[in-house]
Amino acid sequence: MKAIVKPTSHLEGEINALSSKNYTTRYLLIGALANGTSTIYYPAHSEDSDAMRRCVRDLGAIIEEDDEKIIITGFGKNPKHVSELNVGNAGAVLRFLMSTAAFCPEVTFVNTYPESLGKRPHDDLIDTLQQMGVEVQHNNGRLPITIKGGKPRGGKITVSGNVSSQFLSSLLFMTPLLEEDSEIEVLHDLKSKIIVGQTLEVLAQAGIVVHASEDLMHYRIPGRQSYEAKEYVIQGDYPGSAAILAAAAVTNSDVRVLRLEENSKQGEKACVDVLKAMGVDLTHDNGVVHVRGNQRLVAGEFDGDHFTDAVLAMVAAAVFAEGTSRFYNVENLRYKECDRITDYLNELRKAGADVEERQSEIIVHGKPQGVEGGVEINAHFDHRVIMALTVVGLRSEKGLTIRDAHHVAKSYPQYFDHLRSIGAQVELVSES
């Protein structure tokens, strides 16, 4: 499906933020790893969270759901023996479940998105699982991946944090269930430490004890623990809302986004501070972010590792700022659904933006007058790219046509509906 994004000068209205994908996938996993029945209120409905639902059900979890909640009866550390799991295009789901699958005799994760998830590397987690006595067959660190487990061992474990924090999170979910105590040392660097904080928060809520060093590079995890069956409430999602807020920032607008907690541990809540630093008239009170956009933004310098999944939307806003913006410490964007630096900037240039890349930086020379647009661009099967390019299209002179726009459903199926509800001119048409 193509999205035809037409220039839109004014946005106005109120949106309920969708529920957090990151928290939904984590709560589904800890519900599956519990012995007993947990209830998850206001879960996200997206391709990623649906992939986790599907896979934990295949592994033996019993799931009932209605419009408000999911009731999940877990399998503990005794998942059902299955031969294949299909995570779709959900990298976090794959990585989280690779460790869980180590409790199974043999599971193959199939490759259904060879042009996206199929290109992403998972060597760091594979290396760690092999340290734990798990045999892993793989395609140069990529899908398809077969886990031959049964009895993973704890003890002293190392994992690289250079590419993704998801590898560490995967181990933190699994190691409390081992017979042995474990010590995890993170090697090199650790990307997206704030997202590791979400994992630790969820584990603590489920009654799991993890002793983490202040810098999050060392962990002691007692073995023989059990996940408690509990009730959980999913908060609103900052990564998806970042694009809505960016769209409001670059237009004349009066937009309110609800259900965004001020004290959230989601790193992407920093997008509120980024937009404030760009001079956007914005307030954040009682879970409501209120943007009064007037199209005037100023450039700034921002550490993107603090708000990984909101960087592309903030770059889209910076395209229209006065001056040169720099988003640094963002190399891990290269290892997502696409290379979110090279691929995204290539599309921005087609639209008329003036951008440069470094290995771990995005540099934006703002054009307050706007960009020309009038071209068809490639979304690279990436939901974050689709959302960010839509923001640019709204402020372009001739609009943009975004190919493969249906992949926005990976995290935010209602994205275009929500934008249209506040006045964005976006038409969805079938690919010719």
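Trainee: Where is the place of glutamine 235?
Mentor: First, a word on the source: this is a predicted model, where local features need pLDDT of at least 70, side-chain atom pairs count only at pLDDT 80 or more, and totals for chains, interfaces and linings use all residues. Residues are numbered from 1 along each chain as its sequence is written, and side-chain values use heavy atoms, with hydrogens and water left out. Helices (H or I, at least four residues) and strands (E, at least two) are DSSP runs, numbered from the N terminus. Glutamine 235 sits in the loop between strand 14 (231-233) and helix 7 (238-249).

Trainee: Is glutamine 235 buried or exposed?
Mentor: Buried means under 20% relative accessible area, exposed over 50%, and partly exposed in between (1.4 Å probe, protein chains only). Glutamine 235 has 10% relative accessibility, so the answer is buried.

Trainee: Which side chain does glutamine 235 join through a polar contact?
Mentor: Contact means heavy atoms within 4.5 Å. Leaving aside neighbours within four places in sequence, glutamine 235 is in contact with residues including Leu18, Tyr23, Arg259 and Ser264. A polar contact is a pair of N or O atoms within 3.5 Å; within protein, one must be able to donate a hydrogen and the other to accept it, and residues adjacent in sequence count only if both atoms are side-chain atoms. At 2.5 Å, the partner side chain is that of serine 264.

Trainee: How do helix 5 and helix 6 run relative to each other?
Mentor: Axes are lines fitted to C-alpha atoms, for helices over the stretch in contact, and angles run from 0 to 180 degrees between N-to-C directions. Angles under 35 degrees count as roughly parallel, over 145 as roughly antiparallel, 65 to 115 as roughly perpendicular and the rest as oblique. Helix 5 (residues 166-174) and helix 6 (residues 193-205) have axes 10 Å apart and pack at about 10 degrees. That angle makes helix 5 and helix 6 roughly parallel.

Trainee: Is threonine 199 buried or exposed?
Mentor: Threonine 199 belongs to helix 6. Not counting residues up to four places away in sequence, threonine 199 touches Arg26, Ser169, Leu172 and Phe173. Its relative accessible area is 0%, so threonine 199 is buried.

Trainee: How far apart in space are leucine 216 and valine 371?
Mentor: Leucine 216 is in the loop between strand 12 (211-212) and strand 13 (218-221). Leucine 216 and valine 371 are 155 residues apart in sequence, and their C-alpha to C-alpha distance in space is 42 Å.

Trainee: How many residues does the largest nonpolar core have?
Mentor: A nonpolar core is a set of buried Ala, Val, Leu, Ile, Met, Phe, Trp, Tyr and Cys residues joined through side-chain atoms within 4.5 Å. Met314 and Phe327 are among those with the most contacts inside the largest core, whose total is 79 residues.

Trainee: Which residues in helix 9 meet helix 7?
Mentor: The axes of helix 7 and helix 9 come within 8 Å and cross at roughly 10 degrees. That makes helix 7 roughly parallel to helix 9. On the helix 7 side are Ala242, Ala243 and Ala246, and they meet Ala313, Met314 and Ala317.

Trainee: Which residue with positive phi follows helix 8?
Mentor: In helix 8 (residues 270-277), buried residues include Ala270, Cys271 and Val274. After helix 8, with phi near 90 degrees, comes glycine 279.
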